[in-house]
Amino acid sequence: MNELERWETRFSAPEFVFGTESNEFLRSHAPLLPPRGKALAVADGEGRNGVWLAQQGLDVLSIDFSPAAQRKAHALAKARNVSLHIERVDVTDWTWPANEFDVVAVIFIQFANPEQRKRIFAGVRRALKPGGLLLLQGYRPEQLNYKTGGPSALENLYTEEMLAAEFADFADLQICAHDSMTREGTGHVGMAALIDLVGYKRAEAQASRD
């Protein structure tokens with residue numbers, strides 16, 4: 001079973017695997033969001049985070065590669081009475097637009113191996129407008145002890161050093177590692193080893209990395 005088939009099977013369940021409420025880290029940073037503008041929800045799955053961003057008044061593009069997940073995203077947006085642009089893409093092989101989004105949300109996308117992750121993070125930097133806000137959350141290696149969600153591959157997990165290096169050219173970069181309870185559907189439940197990143201793309205950042 002390849003990666004798409006695995007996720008398609010998982011998202012074909014009638015319930016929302018990760019629930020219908022937005023990620024707590026994302027929600028807690030609502031005060032940083034601009035009052036209007038464009039947001040990108042990366043590998044947004046069933047749409048919980050993209051829908052929440054749309055509820056904050058942003059023009060949101062939700063991308064994922066699972067049709068089953070995106071059917072749920074359409075249904076959730078309709079139920080919450082918001083407009084959500086949904087595009088089916090493989091984020092590991094997507095032509096990321098340049099300087100298009102005021103906000104990019106990257107929440108639990110650790111299906112990506114290091115090579116894929118490098119391409120995705122480069123795409124994230126490209127897609128953000130100068131001054132744009134990046135909100136990222138993932139699991140640290142210690143998550144392998146908790147087994148409450150996330151990948152089983154150590155190489156797919158994030159460390160503070162790795163994220164600091166990837167986004168060293170961002171302004172006001174904040175990286176926080178913590179162990180916290182998660183309650184996101186049936187997919188993420190229990191104590192988890194998390195890492196959060198908040199930062200802003202500098203005007204000169206893209207040119208320096210390309």
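Does Lys-72 count as buried or exposed, and what is its relative accessibility? At 9% relative accessibility, Lys-72 counts as buried, where buried means under 20% relative accessible area, exposed over 50%, and partly exposed in between (1.4 Å probe, protein chains only). The structure is a predicted model, in which local features need pLDDT of at least 70 and side-chain atom pairs count only at pLDDT 80 or more, while totals for chains, interfaces and linings use all residues. Residues are numbered from 1 along each chain as its sequence is written, and side-chain values use heavy atoms, with hydrogens and water left out.

The overall form of the chain comes next. The protein chain contains eight helices and seven strands; helices (H or I, at least four residues) and strands (E, at least two) are DSSP runs, numbered from the N terminus. Its radius of gyration is 16 Å, close to the 17 Å given by the globule rule for 210 residues, so the chain is as compact as a globular protein of that length. This radius is taken over C-alpha atoms, and the globule rule is 2.2 Å times the number of residues to the power 0.38. Along its principal axes, the C-alpha trace spans about 45 × 40 × 30 Å.

Of the 210 residues in the protein chain, 51% are buried. A contact means heavy atoms within 4.5 Å. Among contacts between residues at least 6 apart in sequence, 72% join residues at least 24 apart. The chain exposes about 9700 Å², and carbon and sulfur atoms supply 50% of that area; accessible areas come from the Shrake-Rupley method with a 1.4 Å probe, and for residues only the protein chains shown count as cover.

Charged side chains deserve a look of their own. The protein chain has 23 positive and 28 negative side chains, and the centres of the two sets lie 3 Å apart. Here Lys and Arg count as positive and Asp and Glu as negative, while His and the chain ends are not counted; the place of a charge is taken as NZ of Lys, CZ of Arg, CG of Asp or CD of Glu. Side chains of opposite charge can pair when their charged atoms come close. The structure holds ten salt bridges, each a side-chain nitrogen of Lys or Arg within 4 Å of a carboxyl oxygen of Asp or Glu.

One of these salt bridges brings back Lys-72, which pairs with Glu-46, the closest N and O atoms being 3.0 Å apart. The pair links distant parts of the chain, 26 residues apart: Glu-46 sits in the loop between strand S1 (38-42) and helix H3 (48-55), and Lys-72 in helix H4 (residues 67-79). Glu-46 is also buried, at 3% relative accessibility.

Another salt bridge joins Asp-179 and Arg-140 (3.1 Å, N to O). This pair too links distant parts of the chain, with Asp-179 in strand S6 (residues 170-184) and Arg-140 in the loop between strand S5 (128-139) and helix H6 (143-146), 39 residues apart. Asp-179 is partly exposed at 39% relative accessibility, whereas Arg-140 is buried at 12%.

Glu-115 and Arg-119 form a salt bridge within a helix, their closest N and O atoms being 3.2 Å apart. Both lie in helix H5 (residues 114-127), four residues apart, about one turn of the helix. Glu-115 is exposed at 56% relative accessibility, and Arg-119 is partly exposed at 38%. Lys-118, Arg-125 and Glu-166 are linked in a network of salt bridges.
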